[in-house]
Amino acid sequence: MGRKQRVLSGVQPTGNLHLGNYLGAIRNWVEGQSESENYLFIADLHAITVPHDPATLATNTYSLAALYLACGLDLNYSTIFVQSHVSAHCELTWLLNCITPLNWLEDMIQFKEKAVKQGENVGVGLLDYPVLMASDILLYQADKVPVGEDQKQHLELTRDIVNRFNHQFAKKDKPVLKLPDPLIRKEGARIMSLTDGTKKMSKSDPSELSRINLLDSADEITKKIKRCKTDPIRGLTFDNPERPECNNLLSLYMLLSGKTKAEVAAECQDMGWGQFKPLLTETTITALKPIQDKYQQIMADKGYLSSVLRDGREKAENIAKQTLTQVKAAMGYSMPF
Ligand code: AMP
Ligand code: TRP
């Protein structure tokens, strides 16, 4: 019997978590968790690759940890920790920086998109973001990395770094770093904006109406769905490229109700928006209510949350240190013990 597959993923504590983060990432962590050994962290070092507010970084980090638990992560299967609590992440990043070609990083789509938004103010950290992400993954020798579609290129880069590292520093039949596989579900991998069905739902969209946050009140959800973009066609169908909003809203309904695609297609084929919107509103409010209740409960007990993160740090650090030691040894650093 081999060990259970190791799963690793993280989300940045920047702004509110929205339905894209939940359906594209966190929900998938929760679903498979009992079959694997899971390491799920709050990517607070990634959060400073764009200008950030020190006063809210810690609050956002704790709030995100509470949301992980509220969404159903179970400590019997999952270790939850904060990236900056385990110093090996920074250390491995430096070592991997030195073997990563600059042009690999300059080619990253997310870097190019974010750099344009930053104008003059592009830090080196933004360019280096994918190497830190590779380090996050490789420290834990992860088998699977469940993420949304937008992270696929970063996973490919991680695999390129592994191959390059093993080729340069490991014996042929004894790789030091493990090749991870992305786990990108077809359904939910790309939830689109409520105000433009061709753009992904994003924390950084200036319009609050473009996204539903996991902690939105029933009134906010009602308002956002009422105002969301639709089209003038009656009868709702999936997968029509001319109707991106329709496909997105039906997909949200399918994922939040737990119904199958065929069931939703049959149920909605003759509906107009006036009938569908209240249905989606009710479904969304009902799906988010238990998460919101549990979140309030956890946030009311800061001692509990701190102890979860302290335990998580200890478990994570144990594994991370082992990998770091192997990497350093392979690169020629000798340890005084
Ligand atoms: P971030 O908010 O950039 O830290 O992303 C956290 C996780 O949510 C990553 O796995 C992303 O791929 C995923 N994600 C972000 N936006 C979306 C979206 N609109 N649809 C599906 N997944 C998303
Ligand atoms: N870059 C990811 C995002 O924005 C977050 C992240 C950081 C991550 N390190 C990771 C995801 C390691 C998976 C594995 O979504």
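Predicted model: local features only at pLDDT ≥ 70, side-chain atom pairs only at ≥ 80, totals over all residues.

I begin with ligand 1, where an oxygen atom is 2.9 Å from a polar side-chain atom of Lys203. That pair is a polar contact, by which I mean two N or O atoms within 3.5 Å; within protein, one must be able to donate a hydrogen and the other to accept it, and residues adjacent in sequence count only if both atoms are side-chain atoms. Residues are numbered from 1 along each chain as its sequence is written, chains are lettered from A and ligands numbered from 1 in the order in which they are written, and side-chain values use heavy atoms, with hydrogens and water left out.

Back to ligand 1. The side chain of Asn21 places a polar atom 3.1 Å from a ligand oxygen, and a polar backbone atom of Gln12 is likewise 3.1 Å from an oxygen atom of ligand 1. On its own, ligand 1 has 490 Å² of accessible area, of which the protein covers 92%; such areas come from the Shrake-Rupley method with a 1.4 Å probe, and for residues only the protein chains shown count as cover. Its surroundings comprise 18 residues, the closest being Gly148, Asp150, Ile191, Met201 and Lys203, where a residue is near if one of its heavy atoms lies within 4 Å. Helix H1, residues 19-31, is the largest contributor to this shell, with four residues. Helices (H or I, at least four residues) and strands (E, at least two) are DSSP runs, numbered from the N terminus.

Let us turn to ligand 2. Which residues come nearest to ligand 2? Of the 14 around it, they are Gln12, Tyr129, Met133, Asp136 and Gln151. For the side chain of Asp136, an N or O atom is 2.7 Å from a nitrogen atom of the ligand; for that of Gln151, the corresponding distance to a ligand nitrogen is 3.1 Å. Two or more residues of the shell come from each of strand E1 (6-11) and helix H6 (124-139), and H6 gives the most, with four.

Grid points are joined across faces, edges and corners, and a volume is the space filled by probe spheres set on the points.

There is one cavity of 30 Å³ or more. The largest cavity holds about 40 Å³ and is lined by Gln110, Phe111, Lys114, Leu126, Tyr129, Pro130 and His154. Helix H5 (109-118) and H6 each give two or more residues to that lining.

Finally, the second largest pocket has a volume of about 360 Å³. Among its 17 lining residues, Lys186, Gly188, Arg190, Asn247 and Ser251 are the closest to its centre. Helix H9, residues 244-257, provides the largest share of the lining, six residues.

Technical notes:
1 Å grid on protein atoms, 1.4 Å probe; cavity = no way out; pocket = protein on both sides within 12 Å on 5 of 7 lines; lining within 4 Å.
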